[in-house]
Structures are given as C-alpha cells and as structure tokens.
Amino acid sequence: MEFAHIFTLSVSVVTAINILLAGILIFIERRDIGSTWAWLLILFFIPIVGFIVYLFFGRQLKQKNFYKLSSDEREYLRSSVEEQLKELKATHEYRNDLLIQHNKLLFTNLNSSKSLVRTDNEIDIFSDGNQKFDALFEDIRNAKKEINIQYYIIQRDNLGKKLRDELTKKAKEGIKVRVLYDEVGSRKMTPSFFKELISYGGEAQAFFPSILRLINFRINNRNHRKLCIIDGEVAYIGGFNVGDEYLGLDPKMGYWRDTHFRIKGESVNDIQGRFILDWHQATKQPIELEQFLHRTETHSGTVPVQIVASGPNSTTQHLKNMYISLIMSAKESVYLQTPYFIPDASFMDACKIALLSGVEIHIMIPNKPDHPFVYWATWSHVGELLTYGAHIYLYEKGFLHAKTIVVDNEVSSVGTTNIDPRSFSLNFEVNAVVYDQPIAKKLQNLFLEDVQYSSKLTLERYKERSLLIKFKEAVSRLLSPIL
C-alpha cells in the first residue's frame, strides 16, 4: 500500500511538472510553433525522461542584455547604426552599384543585427583546409601584438597541437594570445592542453563550460563560430574547425570540402567586436575595448562587407532573415552549399516562391551522413523542392561542410551557419555578407567545380527511393524542429 501511495504521488508530481513546463513553453517562451509541439510531445509521452531532456536541451537563454553591456556601450552601438542608416538614406557617396541594388538586404542586416557595412575590404577565399591553415599559421608567425582565436572544435590531434605550439611561441615573445573554444564541440579538450601557453601569459577559455566537466545545462546552445583575428589587421571567418579531419585525414569522412574567408579591411573590427563579446561572456572579464587592438589606418580594399551574427540570446533569427532576404532578392539564380538542409516553413516558402518566379535554385549537400537523422531530414526537404524545379546535387568526393550562398553572381555569404533550426535559433553563429561580383563569381565557380564530384538527385531518382528510406525521412522530418 505504501509503494502504491509513493507511486501515485510520484506520478502526480511528474504530471504537475509537465503541466508547468508545458505552460512555460506555450505562454512564456516565444518559440517556433513546430518546436513547441515537438517539446510538448516529448514532455507528455516520455514524462520523466522528457523532463530531464528539457533541462539539458530545452531551456532558452536569458535574452535581455545577454552580454551585460553598459548603457554607454549599448548607446554607442545604437548610435553607430543610426548614423549609418542616416548616411545610407541621405547619400550615395560611398555606395557602389551592388549596395544600391541590394539595399533591402543591406537595411535588413543593419536593422536586424546591427551589422554595419564596411567598404574597404580585401578577401581571399580558401576551399581547402591545408591552404587555409598554411595561411593562418603564416599570419600567426607574423603577429606583432595580439592574436585572438575562436573555434567550435579544437581537436587534441596533430593540427590542434600545431596551432597550440605556434600560439605558445608567440606568447613567449610577449604577444597577447587568447583562445576561445566551445566546451561541447571541443569535448576532448582539457585545460592542461594549453598549460604551457598559459604559463607564458596566454589565455584559453571554454564557452559555457560544464560543471565539473560532467553536467552542462547549456549543452543545446553552442558557440559554433570560427573566428581568428591577428593584430586587428587580418581576420578569418568560415566553416573550418581545427582538427586533422579538416585536412582530409579522416578515412571515414574523406576529403573535407569547406569554405573560409581571409579578410583585411575595416570589417576586421566587426569580427573583432564579435570575439570581444564572446570572450567577455565566457571569462566574465569586464569589457575594456582599449585592451583589444582596432585598426585605425585606411585600407586600399574595395569590397563591401557586413558581418551578421545571430544566437539564442536574440528573439530575432538574424541569419535566417539574411538568407531569406538573399533568396527573395534573386532575379536569376541561387547557389547554395550546406551540410544540412532542414529549413522551417518560412525558408521553404521563400525557396518555392523564388522557384515559381523563374529563379534557378541550385543546392549542394553531402552524400555522406555524419548525423543520420539530420541526413534523412535533409533528403526530405530537398526532395520537396525537387517538385518545384530545384537542382539538387549530392557531393561524392568526401564531406561537404561549406556554408555558402551566391545570388545572381553578385552577392554572396560565407560563414558558420547551416540551414537548420540549430543554426538559426540555438547556436551562436556568424556570417560575412559580401557585395562584390568577383567574389561571387569565384564562389559560384567553386560550386560548379564541385558539381564535377557530385551526382544529381533528380525527381525520378527521388521517387524511386525505398520504403525504408521513406520511413527514415518521415521520422527525421517529424523530429527536425529539435534536431
């Protein structure tokens, strides 16, 4: 009888907790409706386990002043945006033709994510890991004052050790070195890995660290950014993490195809500013801008760039808005490369409207699953777009990890953002939007080169898939809001 009483009481408590969480989901947390229903199903169909899963994966971040900026700092950011908005609306003095043609995209990024447009940049493009890291190590060796490094993944392998050792050498020389890595992405990382670097004055910090390396209630909100800023003069942004697999040395994944930018110009300041905020959040150190180098001299570059960031600290999905604005601005073509394609209804509608209006949409995804549910959910969504006339390519050479979009051979974006709910609403992400035909053409040519190593997924081929694959797609699509 006593056991029955305890059992009944336990069920009542769990039910009450589920009802409370359901109320929070529906009335307090302003989530996507699909995500809300997915969590409600989890809470009610697997009550106890669902509650635990919610604690680790479901809770949203506090969104008001997440970075704890002072009123002066917030006013500085606000006034900078307002000043540029006035300038852009009042004069065409420093706007090139593409900025005028794509002013809606420019204003969307400026109003939504406070992304200032900088017009004096130079950009190098890397599509191979060896080339990217050769250039990065050379810039590190030439550093004179400061190196700031931020990666979602830093592996304890040969490439990770080489990066650490190069940074340690610079710390020995008196160069200020900061390393920020994601706790979950770099799950094999331990503080001892950077012991020598720290002994020479360098700093290394995990973002959202675990409690005793065991419990992490922020496991669902990862810092997925990959940024490197050297002397405030040159910055790297894109898809490559740090690990031997990104050099194509993992037999399972094969050749690693990714895209990364090396930028010189005033946009380096904006990338630096993003690092400053993340570093401050991770270390809880007060923001002292004078501790970080900022470029002051003019630069001879001519490429306009906006650095667009988004994360769970915002109620607005800035990067999703950026992608949708890009697609809706297309008049002729969209070329999109992504390892995961699990868009929400608004993104899918933008693609369908573009396709129905005569825009050619070319999407390339890997034909090698690193996450099975994500892979089959991707197939489900690209299959739907096939019926509207989209061109879908399956990259066969290795693993495609590039996050690239090119519109009308004019405007492009490269960064860390995948086309999925995680990147749009759960992770901290950042992209560079570039208003420049030569850069767009180079990126589009890279896409066309990759087509040679891809097979085309036609509507006929898609319809011939087996019942097992259809079942996998159906289950994965149902789970897609929380993948």
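This report describes selected helices, aromatic rings and loop residues of a predicted model.

## Helices α11 and α12

Helix α11 covers residues 318-329 and helix α12 covers residues 345-356. Their axes come within 9 Å and cross at roughly 10°. Because angles under 35 degrees count as roughly parallel, α11 is described as roughly parallel to α12.

On the α11 side, the contact is made by K320, Y323, I324, I327 and M328. On the α12 side, S346, F347, A350, C351, I353 and A354 take part. Sorted by class, the contact of α11 with α12 has 9 nonpolar, 1 polar and 1 charged residues.

## Aromatic pairs

A pair of aromatic rings is described by two quantities, the distance of the centres and the angle of the planes. The count for this model comes to 18 aromatic pairs. One of them joins F275 and W279, whose ring centres are 5.8 Å apart and whose planes stand at 15°, so the pair is stacked. Both residues belong to helix α10 (residues 267-283); because they are 4 residues apart there, about one helical turn separates F275 from W279. F275 is buried, and W279 is buried as well.

Another aromatic pair, formed by Y323 and F347, is tilted, with 6.3 Å from centre to centre and 50° between the planes. This pair links distant parts of the chain, since Y323 lies in helix α11 and F347 in helix α12, 24 residues apart. Y323 has a relative accessibility of 0% and therefore counts as buried. F347 is likewise buried, with a relative accessible area of 0%. Together with F341 and F424, Y323 and F347 form one aromatic cluster.

## Charges over rings

The charged end of R164 sits over the ring of F193, at 4.5 Å from the ring centre. In the other case, the charged end of K397 sits over the ring of Y453, and the distance to the ring centre is 4.4 Å.

## Helix α6 and the residue after it

Helix α6 spans residues 103-113. Its buried residues are L105, L106, F107, N109, L110, S112 and S113. Just after α6 comes K114, which takes a positive phi of about 60°.

## Two buried loop residues

I175 is found in the loop between α8 (158-172) and β3 (176-182). With a relative accessibility of 8%, I175 counts as buried, because the limit for that class is under 20%. The C-alpha atom of I175 is separated by 5.1 Å from that of K145, although the two residues are 30 residues apart along the chain. Leaving aside neighbours within four places in sequence, I175 is in contact with A143, K144, K145, E146, I147 and K170.

N418 has its place in the loop between β15 (411-415) and α14 (421-426). This residue is buried, with a relative accessible area of 4%. Residues up to four places away in sequence not being counted, N418 touches H224, T338, P339, Y340, K403, S423 and F424. One of these, F424, is a member of the aromatic cluster that also contains Y323, F341 and F347.

Notes: Residues numbered from 1 in each chain as written. Predicted model: local features only at pLDDT ≥ 70, side-chain atom pairs only at ≥ 80, totals over all residues. Heavy atoms only, no water. Buried < 20%, exposed > 50% of the residue type's maximum accessible area, 1.4 Å probe, protein only. Contact = heavy atoms within 4.5 Å. Axes fitted to C-alpha atoms, helices over the stretch in contact; angles between N-to-C directions. Parallel < 35°, antiparallel > 145°, perpendicular 65-115°, else oblique. Nonpolar A, V, L, I, M, F, W, Y, C, P; charged D, E, K, R; others polar. Phe/Tyr/Trp six-rings, centres within 6.5 Å; stacked < 30°, edge-to-face > 60°. Lys NZ or Arg CZ within 6 Å of the ring centre and 35° of its normal.
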